[in-house]
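Please have your viewer open as you read.

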Amino acid sequence: MKFNIPEEILNIAEKLEKNNFQTYLVGGCVRDLLMGREPKDWDITTDAKPQEIQKIFPESVYENKFGTVAIKTGSENEKLKIVEITTFRIEGKYTDKRHPDEVKFAKTIEEDLARRDFTINAIALALTNNKQLISKLVDPFNGQADIKNKIIRTVGNPIDRFNEDALRLMRAIRFSVQLNFEIEEKTFKAVKKEAGLIEMIAKERIRDEFIKIIMASLAKKGIELLEESDLLKYIVPELREGINTGQNKHHIYTVWEHNLRALNYAVEKKYSLEIRLASLFHDVGKPKTKVGEGLDCTFYNHEIIGAKMAAIILDRLCFSKNFAEKVVHLVRCHLFYYNVGEVTEAGVRRFLRRVGPENVDDLIKVREADRIGSGVPKAIPYKLRHLLFMIDKVKRDPVSAKMLKINGEDVMEILKIKPGPKIGKILSVLLDEVIENPQKNSKEDLKFRIGELGKLSDDELENLAKQAKEKKEEFEEGIEEEIKKRYYVK
């Protein structure tokens with residue numbers, strides 16, 4: 001059996017073989033080769049000790065206790081610039097459920113494979129004779145059969161494997177949705193039995209596995225499996241509040257099913273991680289804001305509560321501040337009202353000011369996911385298409401203080417004042433007036449208006465600035481409150 005192995009890997013194997021050491025590809029790359037997929041990385045294992053590997057490969061780094069040496073290959077291929085070579089090893093007990101208490105070097109590849117997580121990852125491919133590649137598969141746990149039958153099964157006793165490294169609980173689900181494999185019954189029962197062990201894992205590692213599940217083509221199934229296995233209550237318990245939470249006449253699904261269907265739409269469209277998470281979390285605040293039952297129940301302010309909940313979730317999972325802020329913003333703004341003929345151009349400009357022009361495309365995508373998750377047939381109805389037309393029409397108009405023809409220094413120079421909160425208030429009032437009428441955005445008009453505003457009392461200026469801030473939160477203009485409420489209830 002022959003496989004397409006990169007030249008860089010074959011050269012490493014040749015050098016090890018010349019020094020009388022065994023060389024095997026192992027783990028995910030072998031699984032991918034057997035499945036006809038291009039490996040994302042290439043892991044090599046050998047009976048050579050780390051110090052022996054470094055003698056053979058001077059351009060290498062060894063800075064860990066697991067017997068892994070990083071080899072610099074000089075390749076132009078990003079995936080092959082650094083190749084890791086690990087000495088055969090066996091591992092001791094995992095007291096902390098994360099790391100082995102001790103690592104010992106093993107003598108055979110079979111011993112090394114016995115420490116691995118799942119049978120599909122416990123297959124080794126021997127490399128010999130360099131370019132005249134003769135490959136030999138070492139498969140002591142019948143991983144090839146499980147690949148053929150699309151089964152996720154642990155190596156040996158699943159309870160033992162999950163107690164060694166509790167992250168494997170999530171990895172079982174991640175591989176299931178990435179590969180479209182089923183988790184073998186005994187293995188899944190063990191996942192559910194040992195689910196609580198996931199609390200011993202660093203949140204960063206949980207986050208990374210969660211991201212891989214969300215980015216998989218079967219992400220919806222992944223969330224469902226996290227729930228069925230009892231893992232979700234330790235990872236994103238807030239989502240579970242939507243289970244059996246019925247909605248009103250605008251929805252045919254529970255909050256739980258709606259959120260998952262919204263996620264699924266974002267996945268099918270191959271949208272970014274931010275949009276997928278915003279789609280999944282966009283209605284997470286509904287259970288906490290529900291009033292009443294049946295077709296006329298309401299969820300007022302669920303987007304505000306949901307944004308706060310999303311912030312807590314993303315912080316708990318150690319997402320970066322900038323990433324979290326983007327997702328939270330999309331959740332907070334997903335519930336906007338637009339009706340042709342009722343919203344003015346000024347209203348659209350205020351919408352752009354509140355949302356940010358750079359976020360509009362992503363927000364529309366979350367809205368699409370929300371609609372499809374509700375069971376409606378069209379992701380982009382006429383109203384949304386008209387909104388996009390209006391946005392395109394006004395997108396060059398000023399919607400932020402930076403787009404004004406004057407700045408804070410101009411205000412200080414005209415009014416002969418020092419830096420202070422008064423400057424910000426004046427700019428806020430000017431921006432609101434320019435949003436209402438973009439023709440006012442000229443230096444001459446703005447300078448004249450600054451002079452007028454400078455003559456106002458502190459209370460009068462404060463009142464105008466407050467009005468401008470309130471308008472920033474509006475999208476629609478001149479619409480009766482009961483009409484707004486009717487459309488904000490989803």
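Is K425 buried, partly exposed or exposed? K425 is partly exposed, at a relative accessible area of 27% (buried means under 20%, exposed over 50%, partly exposed in between; 1.4 Å probe, protein chains only). The model is predicted: local features need pLDDT of at least 70 and side-chain atom pairs pLDDT 80 or more, while totals for chains, interfaces and linings use all residues. Residues are numbered from 1 along each chain as its sequence is written, and side-chain values use heavy atoms, without hydrogens and water.

There are 35 salt bridges in the structure (a Lys or Arg side-chain nitrogen within 4 Å of an Asp or Glu carboxyl oxygen). Here are three of them:

| Pair | Closest N to O |
|---|---|
| D117 and R171 | 2.7 Å |
| K220 and E257 | 3.8 Å |

Because K425 sits in helix 22 and E462 in helix 24 (residues 458-472), their pair ties together parts 37 residues apart in sequence. E462 is partly exposed too, at 37%, whereas K220 and E257 are both buried. Shared partners join K220, E224, E257 and R261 into one salt-bridge network.

Helix 22 (residues 421-436) also holds D432, which is buried, with a relative accessible area of 9%. Its side chain makes a polar contact of 3.2 Å with that of R350 (N or O atoms within 3.5 Å, one able to donate a hydrogen and the other to accept it; residues adjacent in sequence count only if both atoms are side-chain atoms).

Methods. Helix = DSSP H or I, 4+ residues; strand = E, 2+ residues; numbered from the N terminus.
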